[in-house]
Amino acid sequence: MRQATILLTAISSLLLLAACSKPTPEQQAINTVLESYEGLLQGDYETFLNNRAGMDSIPDSYREQLLVSYKQFIAQQRKAHEDIVELQHIRTELDSIQHLMLVYLQVIYADSAKEEIVVPMIENDEGMWKMK
């Protein structure tokens, strides 16, 4: 009985350690891209904008223009392809020369069309990954 308790405690500790461990830079970049594009698809254009590099210091008028352009882009995609059904992470590459993390996504449309996009990511001063 005591051995089972010790084993259970050890397993619980390992699971807690794994859950608390910091994600890799690659995983952080992937998470940001997926969060951004899912927000875009759900009409949360602010999340998409806020996950872009340098967007915290732009004038309000430019910010509004970008939000309108995101809305128009999604409307155009829905008209052209019926809708975007799914976003799939394909791979991630580190470009050490340009100091970029390149996140490759496959966009799957309702009309069966597929498109691969590359989202360049940069790490800001706070260690957060932002879309370039």
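Tyrosine 37 is buried, and phenylalanine 48 is buried as well, where buried means under 20% relative accessible area, exposed means over 50%, and partly exposed lies in between (1.4 Å probe, protein chains only). The structure is a predicted model, in which local features need pLDDT of at least 70 and side-chain atom pairs count only at pLDDT 80 or more, while totals for chains, interfaces and linings use all residues. Residues are numbered from 1 along each chain as its sequence is written, and side-chain values use heavy atoms, with hydrogens and water left out.

The account begins with the aromatic rings. A pair of aromatic rings is described by the distance of the centres and the angle of the planes. Rings of Phe, Tyr and Trp (its six-membered ring) pair if their centres lie within 6.5 Å; planes under 30 degrees apart count as stacked, over 60 as edge-to-face and the rest as tilted. A search of the whole structure finds 2 aromatic pairs. One of them joins tyrosine 37 and phenylalanine 48 edge-to-face, at 5.1 Å centre to centre and with 85 degrees between the planes. This pair links distant parts of the chain, since tyrosine 37 is in helix H2 and phenylalanine 48 is in helix H3, 11 residues apart. Helices (H or I, at least four residues) and strands (E, at least two) are DSSP runs, numbered from the N terminus. Phenylalanine 48 also forms an edge-to-face pair with tyrosine 70, at 4.9 Å centre to centre and 80 degrees between the planes. Here too distant parts of the chain are linked: phenylalanine 48 in helix H3 and tyrosine 70 in helix H4 are 22 residues apart. Both phenylalanine 48 and tyrosine 70 are buried. Through these ring pairs, Tyr37, Phe48 and Tyr70 are linked into a cluster.

Threonine 47 lies in helix H3 and counts as buried because its relative accessibility is 18%. Contact means heavy atoms within 4.5 Å. Apart from its neighbours within four places in sequence, threonine 47 is in contact with Glu35 and Ser36. Phenylalanine 73 lies in helix H4 and counts as partly exposed because its relative accessibility is 39%. Phenylalanine 73 and leucine 40 are 33 residues apart in sequence and 9.6 Å apart in space, C-alpha to C-alpha.

Helix H2 itself has 17 residues and reaches 24 Å from its first C-alpha to its last, close to the 24 Å expected at 1.5 Å a residue; the expected span is 1.5 Å times one less than the number of residues. The buried residues of H2 include Gln28, Ala29, Ile30, Thr32 and Val33. What covers the buried residues of H2 includes H3, H4, S1, S2, S3 and S4. Just after H2, glycine 43 takes a positive phi of about 85 degrees.

The strands come next. Strands of a sheet pair through backbone hydrogen bonds, either parallel or antiparallel. Two strands pair if DSSP finds at least two bridges between them. In this model, 4 strands form an open sheet in the order S1-S2-S3-S4, with antiparallel pairing. S1 and S4 are the edge strands, each pairing on one side only. From one strand to the next, the twist averages 30 degrees. S3 and S4 run antiparallel and are joined by 3 bridges; methionine 121 has methionine 131 in S4 as its bridge partner. H2 lies across S1, S2, S3 and S4 and runs at about 40 degrees to S2, where axes are lines fitted to C-alpha atoms, for helices over the stretch in contact, and angles run from 0 to 180 degrees between N-to-C directions.

Within strand S2 lies tyrosine 104, which is buried because its relative accessible area is 11%. Tyrosine 104 and isoleucine 117 are 13 residues apart in sequence and 5.8 Å apart in space, C-alpha to C-alpha. Not counting residues up to four places away in sequence, valine 103 touches residues including Ala29, Ile30, Val33 and Met121.
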